[in-house]
Amino acid sequence: MRTMEWAARRDHLSGIPRKIIFNAVGAFAKVVANFLNTTTVYNLETLLRLARHRPPHVPLLTVSNHMSTLDDPVMWGMKGFPVTDAELGRWVLAAEDICFKNPVLSYLFRLGKCIPITRGGGIYQEHMNEALDRLIDGAWLHTFPEGKVCQEDAPIRRLKWGTASLITRAPVTPIVLPIVHRGFEQVLPENYMFGRRPLVPLWNKDIRIVIGEPMVFNIPNLKQQAEQMSREKDTVLHHHGWPETHCGMNEAVQQCLYTIISEQLREAMQKLCNVCKSSFRTN
């Protein structure tokens, strides 16, 4: 069962509550990103072009590292981005245990185009199907494929398979745009005082956002690679009881395919991470 899906619909109360939320949250994001802190963005024009002018019915899937619980929405508060535009705004996967604790929060986050995800619930949980529906609609979806906040100065971790599964299962393969940022871990540190986050975002911090170039995955070719890999391994590393997909892939092939795609994503994000770190050193 999909949590409060009715509140996420465009026509809910003529779209007025959604517009109110996007204007309020967008204004907050602009203040935190541009007035309380300094945000530098690289390659913004690529994100704007894909958000506004990609081919009809082609979905956009943006992926980024996860430095704090403020990453979304504050990262969209960057100068030049219309964060208050409810129609243009992204859909995003959000942790159910944080954002959907009670009916009031659930309603507000639903208005903000958030899709609840149960961590540990698997890549075929019902709300992943909802995320897939948004891609089928040709919408823009954002995910944090690392799966949780990480504020350590460390390489991009192994990505969860959920994002790769969405790329594979979408009838029209989405354009994938990697994004990496740094600085949000300073704006909202997890262990600020007595092991807790600060009550309000901190200020006078330097935020850097590096937007990569679009990635287009050739799923038929990758599927062939995955089939070959699964034959060579001749095993399923962990049996989850996954159903065969519409492409007829068994679980072993799916695992190999999701591993291939996830590693390509991770490598692209790591390159951006290196660029992001270099930008701090040179300024």
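Trainee: Where is Thr163 found, and why is Thr163 called buried?

Mentor: Thr163 is found in helix 7, where a helix is a DSSP run of H or I with at least four residues, a strand is a run of E with at least two, and both are numbered from the N terminus. This is a predicted model, in which local features need pLDDT of at least 70 and side-chain atom pairs pLDDT 80 or more, while totals for chains, interfaces and linings use all residues. Residues are numbered from 1 along each chain as its sequence is written, and side-chain values use heavy atoms, without hydrogens and water. Buried means under 20% relative accessible area, exposed over 50% and partly exposed in between, with a 1.4 Å probe and protein chains only. Thr163 has 6%, and is therefore buried.

Trainee: Which residues does Thr163 touch, apart from those up to four places away in sequence?

Mentor: Thr163 touches Leu61, Val63, Thr143, Pro145 and Leu265; contact requires heavy atoms within 4.5 Å.

Trainee: What makes Ala131 buried, and what does Ala131 touch?

Mentor: Ala131, in helix 6, has a relative accessible area of 0%, so it is buried. Beyond four places in sequence, Ala131 touches Leu93, Ile115, Leu141 and Leu166. The C-alpha atoms of Ala131 and Ile117 are separated by 9.6 Å, although the two are 14 residues apart along the chain.

Trainee: What makes a set of residues a nonpolar core, and how many residues has the largest one?

Mentor: A nonpolar core joins buried Ala, Val, Leu, Ile, Met, Phe, Trp, Tyr and Cys residues through side-chain atoms within 4.5 Å. The largest has 43 residues, and those with the most contacts inside it are Leu141, Ile167, Val176, Phe217, Ile261 and Leu265. Among the elements that give two or more residues to this core are strand 2 (60-64), helix 7 (162-169) and strand 6 (175-182). Helix 10 gives the most, twelve residues. Ile167 contacts, among others, Leu61, Val176, Phe217 and Ile261, neighbours within four places being left aside. Another core, of 28 residues, lies apart, with Leu44, Met78, Val83 and Phe184 among them.

Trainee: How do you know how many disulfides there are?

Mentor: A disulfide is a pair of cysteine sulfur atoms within 2.5 Å, and by this rule the count is zero. For Cys114, the nearest cysteine sulfur, that of Cys99, is 6.1 Å away, and Cys114 is in no disulfide.

Trainee: Why is a space called a cavity, and how many of 30 Å³ or more are counted?

Mentor: On a 1 Å grid over the protein atoms alone, a cavity is a set of points where a 1.4 Å probe fits but cannot get out; lining residues have an atom within 4 Å of a point. One cavity of 30 Å³ or more is counted. The largest cavity holds about 100 Å³, volume being the space filled by probe spheres set on points joined across faces, edges and corners. Its lining includes Asn65, His66, Glu146, Arg182 and Cys273.

Trainee: How does the lining of the largest cavity divide?

Mentor: Six of its residues are nonpolar, three polar and three charged. Ala, Val, Leu, Ile, Met, Phe, Trp, Tyr, Cys and Pro count as nonpolar, Asp, Glu, Lys and Arg as charged, and the others, Gly among them, as polar.

Conventions. 1 Å grid on protein atoms, 1.4 Å probe; cavity = no way out; pocket = protein on both sides within 12 Å on 5 of 7 lines; lining within 4 Å.
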